[in-house]
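Subject: Structure handover

Hello,

Here is the structure I promised to pass on. Please have it open while you read the notes below.

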Amino acid sequence: MEAQHDHIHGADAATATGAEIYGDDGVILASFLAHIGAAIADRDTLTLKRDVSGLHQSELGDLLVALLPEQRLALVELMGSDFDFSALTEVDEAIRLDIVDNLPNEQIAQAVQELDSDDAVYILEDLDAEDQNEILAQLPFTERIRLRRSLDYPEESAGRRMQTEFVAVPPFWTIGQTIDYLRDDKDLPDRFSQVFVIDPTFKLLGAVDLDQILRTKRAVKIDEVMHETRHAIPATMDQEEAAREFEQYDLLSAAVVDENERLVGVLTIDDVVDVIQQEAEEDLLRMGGVGDEELSDTVAATSRSRVPWLLVNLATAFISASVISQFGATIEEMVALAALMPIVASLGGNAGTQTMTVTVRALATRDLDIYNAGRVIRREVMVGLLNGTIIASILGLVAGLWFHNPDLGFVIAAAMVLNMLAAALGGILIPLLLDKFGADPAISSSIFTTMITDVIGFLAFLGLATWWLHLGAAAG
């Protein structure tokens with residue numbers, strides 16, 4: 001431990017820049033983690049405030065994730081008012097709730113006042129209504145109204161992710177008046193790139209970029225240089241749709257308006273990046289049938305999120321098993337079929353998953369729509385036939401040589417082509433149909449695509465094998 005202390009102090013305890021807290025692999029250094037753990041165990045508040053308070057919120061978030069649960073709570077307690085609560089927006093929900101549930105509401109209320117409104121909402125929205133109300137009641141009136149309004153918007157909407165701190169001026173102000181206002185007002189946001197223009201009812205009229213203000217003479221009026229905000233985002237818009245607006249129009253920030261076109265907040269690119277990452281993670285997890293599972297979830301919670309889709313998978317597996325059971329006599333007559341069946345099903349399942357993954361992602365990014373769906377379906381059919389022919393040729397040759405039976409090689413090759421074609425069609429049509437009927441294709445596409453490739457694969461292979469055996473028996 002002495003060597004570890006020397007390492008930390010030699011690097012000035014990794015404060016300020018935080019560069020020394022990570023190793024080359026991007027993971028927090030074991031020496032730094034041990035140093036902080038020792039300071040927590042010794043209840044050394046001076047060391048903690050010196051070495052932790054200078055960390056960026058994302059670095060502090062990584063530290064919280066790396067610490068043991070009891071160490072996290074102790075760290076927050078020992079840091080007191082020096083703990084940066086914005087770090088709680090960098091950890092998953094289970095860790096965040098574990099920390100805030102063990103803190104008095106008075107401390108949370110005090111901390112919330114120091115946060116940007118979007119970060120405050122991010123923390124408050126996970127609490128139950130009683131705690132929310134108790135915390136909000138301790139805030140100044142204006143701030144309480146702003147946060148309450150954001151919390152009243154639907155979950156995962158632009159209204160939940162927006163900042164209610166923004167800069168707005170009337171259209172009759174001059175550039176000089178605006179600059180003086182920006183210099184003198186102490187309650188402005190820390191960072192902003194646009195000044196919005198509103199009428200007396202707060203209805204959004206337009207916006208002026210900061211660079212335009214700096215390039216314009218002081219006597220010019222705001223309404224002479226403002227531009228219309230063509231991409232104002234409704235507060236009730238889904239956050240994924242809002243992120244798509246940013247992506248399509250290369251926005252850095254966008255005004256958020258209510259149903260009456262009144263300015264209520266601003267959505268910034270840093271929040272949108274978080275939304276994009278969150279939505280991508282959700283799609284990936286849903287495609288695996290694990291819902292919104294997080295690494296810090298308990299065993300019981302993890303089990304609950306996985307079991308439902310495993311049960312659905314079990315039901316589809318019985319469908320595949322029932323197909324196999326219809327060909328029991330054929331399998332008994334030629335045992336080689338039992339050895340080759342998994343190959344047909346496995347290759348078809350993998351091909352279906354490839355197509356399905358591309359399709360689900362294209363639907364999520366709106367790259368696939370009614371205008372190009374037909375062309376994409378034709379392409380996938382041709383890819384399925386081409387890949388099926390290539391794989392079938394190799395598989396048929398190997399199977400024929402392995403079992404010294406060229407006819408068996410032909411049968412499995414034909415079944416492989418049929419299953420690869422079914423995989424291509426299933427991989428694109430199932431997500432399209434689910435999306436058409438309003439279901440999330442990321443959640444259940446994989447299960448139904450696998451079911452189709454299994455059923456078609458077994459049916460084609462065993463059906464062709466039965467036909468071939470009967471044909472041979474009739475010829476004999």
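This is a predicted model: local features need pLDDT of at least 70, side-chain atom pairs count only at pLDDT 80 or more; totals for chains, interfaces and linings use all residues.

Residues are numbered from 1 along each chain as its sequence is written, and side-chain values use heavy atoms, with hydrogens and water left out.

Let's start with strand β2 (residues 194-198); strands are DSSP runs of E with at least two residues, helices runs of H or I with at least four, numbered from the N terminus. Of its 5 residues, 5 are buried, so β2 is largely enclosed by the rest of the structure. Here buried means under 20% relative accessible area, exposed over 50%, and partly exposed in between (1.4 Å probe, protein chains only). In a regular strand, side chains alternate between the two faces of the sheet. In β2, Q194, F196 and I198 lie on one side and V195 and V197 on the other, and both faces are covered.

β2 has pairing partners (strands pair if DSSP finds at least two bridges between them). With strand β1 (residues 168-169) the pairing is parallel, over 2 bridges, and A168 stands opposite F196. With strand β3 (residues 204-209) it is antiparallel, over 5 bridges, and I198 faces L204 there. β2 and β3 form a hairpin with 5 residues between them, where F202 in the turn has a positive phi of about 70°.

Now for the charges. The structure holds 12 salt bridges, meaning a side-chain nitrogen of Lys or Arg within 4 Å of a carboxyl oxygen of Asp or Glu. One of them joins E77 to R43, with the closest N and O atoms 3.1 Å apart. E77 lies in helix α5 (residues 69-79) and R43 in the loop between α2 (30-41) and α3 (45-52), so this pair ties together parts 34 residues apart in sequence.

Another joins E125 and R160, whose closest N and O atoms are 2.8 Å apart. Since E125 sits in the loop between α8 (117-124) and α9 (129-136) and R160 in helix α11 (residues 158-161), the pair ties together parts that are 35 residues apart in sequence. R160 is buried, at 8% relative accessibility, whereas R43 is partly exposed at 47%.

Finally, V398 belongs to helix α20 (residues 373-402) and is partly exposed, with a relative accessible area of 46%.

Best wishes
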